[in-house]
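Open the model in your viewer and keep the selection tool at hand. The stops below say what to select next and what is there.

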Amino acid sequence: MIRLAVIGAGHWGPNLIRNFDALEEATVATICDADEKALSKIKGLYPTVGLTTDSGDVMSDKGIDAVVIASSAVSHAPLVRAALEAGKDVFVEKPLALSVKDGEELVSLADKEKKILMVGHLLEYHPAVEWVKNHIESGSLGDLRYIYSTRVNLGKLRREENALWSFAPHDISVILFLVGREPLEVTARGQAYLREGVEDIVFITIQFPDKVMAHIHVSWLDPHKIRKFTIVGSKEMVVFDDVESSEKIRVYDKGVDYKGAYESYGELLTLRIGDIHIPKIPNKEPLKIECRTFIESISTRKPPRTDGRDGLRVLKVLDAAQKSLEARGVPVKV
């Protein structure tokens, strides 16, 4: 039985507590949060779990095997470092850290201590995203051309982290996973409408080798809730709409065909508009899969898909995007 401590019982923490507590191979032994009101709410749901407002209690408890960190982003790096130095395996919500330097140090520390370091890039465990990845690798999509994603809604407004750091890690992690190549450069433009210095809306463009590119639109100042990826290949096009309750994936047999011989440019290129295929995607909760993966990694000592290095790749893109954002859209190499 793997004994866990969860640090952070606010917005996302209860979801992690619920899923880890439901696993037969693990038990949530301690919950930590600086807010006593958050702890009092949790106590009613988990009366036998130990509660503390001091993360030091978690680090010094030799009965804790692993630490799950779901606190504010600014606390991620120091808490991950403290947990690794205390000999704990670590699951940390995105982002891994707020600087590339901290991210690199944490990955090196995890290697040195021989500890599992997993980052909560949830969508990489979404059955629909896994289906798209397999579809690309099968060759059915053809050559990958470009990807664009939209992650927008009205609220929740942040006071510190902007829309880039709050929303874009999800999209960046999926895009890096699907493309399977290291990005070359990033450009970003955004605007702060509600609070000076905190961008409510950001547009990010990522350039990859072989002319593959990706575009991300994130905002919490929008009339619609949209969570959608469009993946365009030379043979097919795929749309993943996470807001859809059942038909999350649509495959479009659309593209442009090239003729071998032609008399005019118009005869060289012909549009192909074929069928639409809606595959059946397993209705499994991505967070449950993610939590189980962490426990399995602890047991097998095999790094998870979203290990520290995966988190660092995402962090490097975020860092480059932030620098471009501050420079009003100047391209920044990753």
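Start with two helices: α1 passes α9 in a right-handed crossing. A crossing is called right-handed if the near helix is turned clockwise from the far one by less than a right angle, and left-handed if anticlockwise. Before going on, note that this is a predicted model, in which local features need pLDDT of at least 70 and side-chain atom pairs count only at pLDDT 80 or more, while totals for chains, interfaces and linings use all residues. Residues are numbered from 1 along each chain as its sequence is written, and side-chain values use heavy atoms, with hydrogens and water left out.

**Stop 1: the helix pair**

Select residues 13-22 for α1 and residues 286-300 for α9. Helices here are DSSP runs of H or I with at least four residues, strands are runs of E with at least two, and both are numbered from the N terminus. Two packed helices are described by the angle between their axes and the distance between the axes. The axes of α1 and α9 come within 9 Å and cross at roughly 60 degrees. That angle makes α1 oblique to α9. Under 35 degrees counts as roughly parallel, over 145 as roughly antiparallel, 65 to 115 as roughly perpendicular, and the rest as oblique. Axes are lines fitted to C-alpha atoms, for helices over the stretch in contact, and angles run from 0 to 180 degrees between N-to-C directions.

Which residues make the contact? On α1, show Asn15, Leu16, Asn19 and Phe20; on α9, show Leu287, Lys288, Cys291, Phe294 and Ile295. Contact means heavy atoms within 4.5 Å.

**Stop 2: the six-strand sheet**

Next, select the open sheet of six strands, whose order is β3-β2-β1-β4-β5-β6, with parallel pairing. β3 (50-52) and β6 (117-120) stand at the edges with a single partner strand each, so one side of each has no neighbour in the sheet. Neighbouring strands of this sheet are turned by 20 degrees against each other on average, direction ignored.

Two strands pair if DSSP finds at least two bridges between them. Select Thr30, and its bridge partner in β3 is Gly50. Now bring α9 back into view: α9 packs on the sheet, touching β1 (2-7), β2, β4 (66-69), β5 (89-93) and β6. The direction of α9 makes about 160 degrees with that of β5.

**Stop 3: strand β8 and its partners**

Select β8 (residues 185-191) and β9 (residues 201-207), which run antiparallel and are joined by seven bridges. Ala188 stands opposite Ile204 in β9.

**Stop 4: the loops**

Select Lys94 and Pro95, which are joined by a cis peptide bond with omega of about -5 degrees. Pro95 is in the loop between β5 and α5 (100-113).

In the loop between α5 and β6, select Lys114. Lys114 has a positive phi of about 55 degrees although it is not a glycine. Is Lys114 buried or exposed? Lys114 counts as exposed because its relative accessibility is 67%. Buried means under 20% relative accessible area, exposed over 50%, and partly exposed in between, with a 1.4 Å probe and protein chains only.
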